[in-house]
Amino acid sequence: MKASKQKLIAMGLCVVLAVGSLTGCGGSSNDAGSASGDGAKTSSSSDKKTFSDLGGMDITVGDWFTSKDTLADRTDEFGKKQNEYWKSIQEKYNFKITRDSVYSYTDAKSDYVNDVMASSPKYELYYLYQEFVSEPLMKGLMYDLSTLPEFNFDEEKWNPTVKELMSIGDGIWGMSPDNEPRGGIFFNKRLFKEAGIPEDEPYDLQKKNQWTWDKFEEYCKKLTKDTDGDGKTDQYAMASFSKYYLPMCAANNNATFVSRDKDGKYVDAITSKDAMNWGVDLIKKGYIKPKPSENVAWDWYKAAFRDGEAAMQTAEVYEISAFADMEDDWGFVMFPYNQDQKDATNKTVPNDNIVVMPSCFDQEKAEKIAFAYDLYTEPVEGYTPHDQILEQYYPQFRDDRAVDETIGMMLEEKHKSTSYLPMISEIDYGDFCYPVYANATTPAKKIEELSTKWDTKISKVNAEYDKFAKEHTK
């Protein structure tokens, strides 16, 4: 089901977090019993609790990337149906819910922590980037969603990766009604054709599970050119950001940076030298455009792709706006995988945004917010949760195969490689990626150098999570 080609604002990922042991606000998310306000009732069709009237309650879902004006002014078929549905539930249950950009990305965590610690949250739900979740969670500033009978996280609409990521002790400390497609390979169709590569071949290979490292390197050789014969490369096969490129190399070799063991403990997993050596080898062979100078912006690679200086780039889907209007036509496939790695397949690395609910809300208010938000995230009639995600992306891409096939694959669990590194707030992909991508050191040397440092920080987080889990296990 395809929407008209009008720009939509991506809905992003919502997670409501909660903690039973409260810091900064009164009340307890583990209080027994149900809301006592007028209009509360239990649904006869499920165990989920419902309300008949929310008494004119005003709910704001705050983030750093959504324009409420754009959400309101949608003329595509799906957008109109969704707005009609949102209007109907607000009228029926007497509440108002608004999604808007109300703080900056850099201020999101501090705004949330300060608001809750001061017992005066400005919004009912706050989006947080995954890297920002651990510290406020451990401080007890988030609400335990498993105590809210308005939610059923076994429903198809909820992101299972986020549920697993945010399950600690007996609580579920986060949710997402969406799956956000992340990193893959954007490619310039004109440059592919000029190199003798059929423009749809990457899609065909991906569909047949033949989009491999070997095929990718074959492309790199054809796409790296000295166009004017002066002995210098004028067109590179690729230009990318190190923190996108190297983690994708790992994921497509069945590896990651931080994993979780069978006991739920975080583990330093940056041991895949093969993946990193392959990725660095492409740089050494001259296929990947080097950073022009130290003075250029960190995202210089976007312009290099937009201007035809590089035929491909490893980038995240949300970065489309940087080159959406480029003159050359372009496509999008998943990152290639190592054909010599058993059971390997094309994978992306999810990094879902998380919406949190302040722990200072009393049980009645939390349940009313949960009821309203559960309604707000329901699929629109005629669209499955999968359909709804795809509908957001048709207007952003040049061809439907990028959405139907590539984005569709990225939503499947078997094509995801979960990294738990964002949950370790004191480490960053850049610790490894920056020096290795710049050829300042080898993957093996950097892995050895980081091993003790990362192990120490991971052990610290494990200790905090163990304590938290014990406090929230019955």
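This report describes a predicted model, from its overall build to one helix, one asparagine and its aromatic pairs.

## Overall build

The protein holds 16 helices and 14 strands. Its radius of gyration is 23 Å, and a compact globule of 474 residues would come out near 23 Å, so the two agree. Along the principal axes, the C-alpha atoms fill a box of roughly 80 × 55 × 40 Å.

Of the 474 residues, 57% are buried. The accessible surface is about 19600 Å². Carbon and sulfur atoms contribute 46% of that surface. Among contacts with a separation of 6 or more, 78% join residues 24 or more positions apart.

## Helix α15

Helix α15 spans residues 429–437. Seven of its nine residues are buried, which leaves the helix mostly covered. The buried set is Y429, G430, F432, C433, P435, V436 and Y437. Their cover includes three other helices: α9 (242–251), α10 (273–284) and α16 (443–471).

Both ends of α15 have features to note. Just past the helix, N439 adopts a positive phi of about 60 degrees.

## A buried asparagine

N346 belongs to the loop between β13 (330–333) and β14 (354–356). Its relative accessibility is 0%, so N346 counts as buried. The cut-off for that class is under 20%.

Which backbone oxygen lies 3.0 Å from a polar side-chain atom of N346? It is the backbone oxygen of W211. Beyond its neighbours within four places in sequence, N346 touches N209, W211, N252, M334, F335, P336, Y337, M409 and H415.

## Aromatic pairs

The model contains 47 aromatic pairs. One of them joins F216 and W278: the ring centres are 6.2 Å apart and the planes meet at 55 degrees, so this pair is tilted. F216 lies in helix α8 (residues 213–223) and W278 in helix α10. The two residues are 62 positions apart, and their pairing links distant parts of the chain. F216 is buried at 0% relative accessible area. W278 is buried too, at 11%.

F241 and Y301 make a stacked pair. Their centres are 6.2 Å apart, with 0 degrees between the planes. F241 sits in the loop between β9 (236–238) and α9, while Y301 sits in helix α11 (residues 300–306), so the pair ties together parts 60 residues apart in sequence. F241 has 13% relative accessibility and therefore counts as buried. Y301 is buried as well, with a relative accessible area of 0%.

## One aromatic cluster

Several residues already named meet again in one aromatic cluster. Its members are F187, F192, Y203, W211, W213, F216, Y219, Y245, W278, F335 and Y437.

F216 and W278, the tilted pair, both belong to the cluster. W211 and F335 are cluster members, and N346 is in contact with both. Y437 is another member, and Y437 is one of the buried residues of α15.

How values were computed: Residues numbered from 1 in each chain as written. Predicted model: local features only at pLDDT ≥ 70, side-chain atom pairs only at ≥ 80, totals over all residues. Heavy atoms only, no water. Buried < 20%, exposed > 50% of the residue type's maximum accessible area, 1.4 Å probe, protein only. Helix = DSSP H or I, 4+ residues; strand = E, 2+ residues; numbered from the N terminus. Contact = heavy atoms within 4.5 Å. Polar contact = N/O pair within 3.5 Å; in protein donor to acceptor, adjacent residues only side chain to side chain. Phe/Tyr/Trp six-rings, centres within 6.5 Å; stacked < 30°, edge-to-face > 60°. Rg over C-alpha atoms; globule rule 2.2 N^0.38 Å. Areas by Shrake-Rupley, 256 points an atom, 1.4 Å probe, with all protein chains shown as cover.
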